Structure formats: C-alpha cells, structure tokens
Amino acid sequence: MNLARWIVCASVLSWLAVTAIAGPSTRLEVFFGMLGPLFVTLVSWVMAERTYRSNPERLTALMVTAFATKLVFFGGYVAVGLGLLGLAPVPFVASFTAYYITLHMTEAAGLRRLFAGPGQPAPVR
C-alpha cells in the first residue's frame, strides 16, 4: 500500500509542476491525462498486491483480466476526453502518454519488488 501513496503524491506534485510551468491553460488537459492512468494503476496495484499476498497462483489470471479491462477502459477514456469533454488534444494526449508509461513502469517495479519477497532486494539484470 505504501507504493500507492507514493504514486498519488508523485502524480499530483508533477501535475502541479507541469501546470506551473505550462500555465493554467493546460491545467484540465494535464489533469485528465493524469487521472485515468493514475486510477487504473492504483486499482491494478492494490488488486495485484492483495492477490499476491493471499493467493499468488491467481495473480497471472488477474493480470490477464486486468490487461483486457485496461484496453477497453483506456479506449473509452480517451474517446470521452477528446470527444465528449473537448479537451485540447496535444496536452491531453502528451500527458496521458507520459503518465501511462511512467505509472505502468512504476507498477512493474513494484511487482518486481513484491516478487523478490520481504527484505530481499529486487534482482538486477
């Protein structure tokens, strides 16, 4: 759960920093570009961590189901953001892409640490 807190804090702080640098005109686009990937990463991480701790054999099936669900969710999310909400495409897509990649890499690193076990460093290759 500690990783989830770090992910939220880092995402909000980076959103504030980008808004301060790029100006308030991109505030909503960057926020919504962050919100979808942040929500999905948090849900995915919490579910994966709980499943691994309670029943590790079920983790692969959970991750496959999560992947399929993410495909559908993100397709709809981007369509709603660009179509229904009318967000400016460039800042929305740029922030969505940056948060999507960064948060999923963070989740992968968290899974690697989780698999290494308590008190064990994650293997380096």
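Analyst: Helix 2 passes helix 3 in a right-handed crossing (right-handed if the near helix is turned clockwise from the far one by less than a right angle, left-handed if anticlockwise). Helices here are DSSP runs of H or I with at least four residues, numbered from the N terminus. This is a predicted model, where local features need pLDDT of at least 70 and side-chain atom pairs count only at pLDDT 80 or more, while totals for chains, interfaces and linings use all residues. Residues are numbered from 1 along each chain as its sequence is written, and side-chain values use heavy atoms, with hydrogens and water left out.

Back to that pair: the axes of helix 2 and helix 3 come within 11 Å and cross at roughly 165°. Axes are lines fitted to C-alpha atoms, for helices over the stretch in contact, and angles run from 0 to 180 degrees between N-to-C directions. That makes helix 2 roughly antiparallel to helix 3 (the label goes to angles over 145 degrees). On the helix 2 side, the touching residues include Phe32, Leu35, Met47 and Thr51, and they meet residues of helix 3 including Leu59, Leu62 and Phe74; contact means heavy atoms within 4.5 Å. Sorted by class, this contact has 14 nonpolar, three polar and one charged residues. Nonpolar covers Ala, Val, Leu, Ile, Met, Phe, Trp, Tyr, Cys and Pro; charged covers Asp, Glu, Lys and Arg; the others, Gly among them, are polar.

Zoom in on threonine 51, which lies in helix 2. Threonine 51 is buried, at 11% relative accessible area (buried is under 20%, with a 1.4 Å probe and protein chains only). Setting aside neighbours within four places in sequence, threonine 51 touches Pro56, Arg58, Leu59 and Leu62.

Now helix 3 itself. Its 26 residues, 59-84, should span 38 Å at 1.5 Å a residue, and the end C-alpha atoms sit 35 Å apart, which agrees; the expected span is 1.5 Å times one less than the number of residues. Leu59, Leu62, Ala66, Lys70, Phe74, Tyr77 and Gly81 of helix 3 are buried, and their cover includes helix 2 (27-54) and helix 4 (89-116).

Helix 4, then, is the other partner to look at. The axes of helix 3 and helix 4 come within 12 Å and cross at roughly 165°, so these two are also roughly antiparallel. Among the residues meeting here are Tyr77 and Gly81 in helix 3, and Phe92 and Tyr100 in helix 4. Just after helix 3, glycine 86 takes a positive phi of about 65°.

Definitions and conventions
Buried means under 20% relative accessible area, exposed over 50%, partly exposed in between (1.4 Å probe, protein chains only). Angles under 35 degrees count as roughly parallel, over 145 as roughly antiparallel, 65 to 115 as roughly perpendicular and the rest as oblique.
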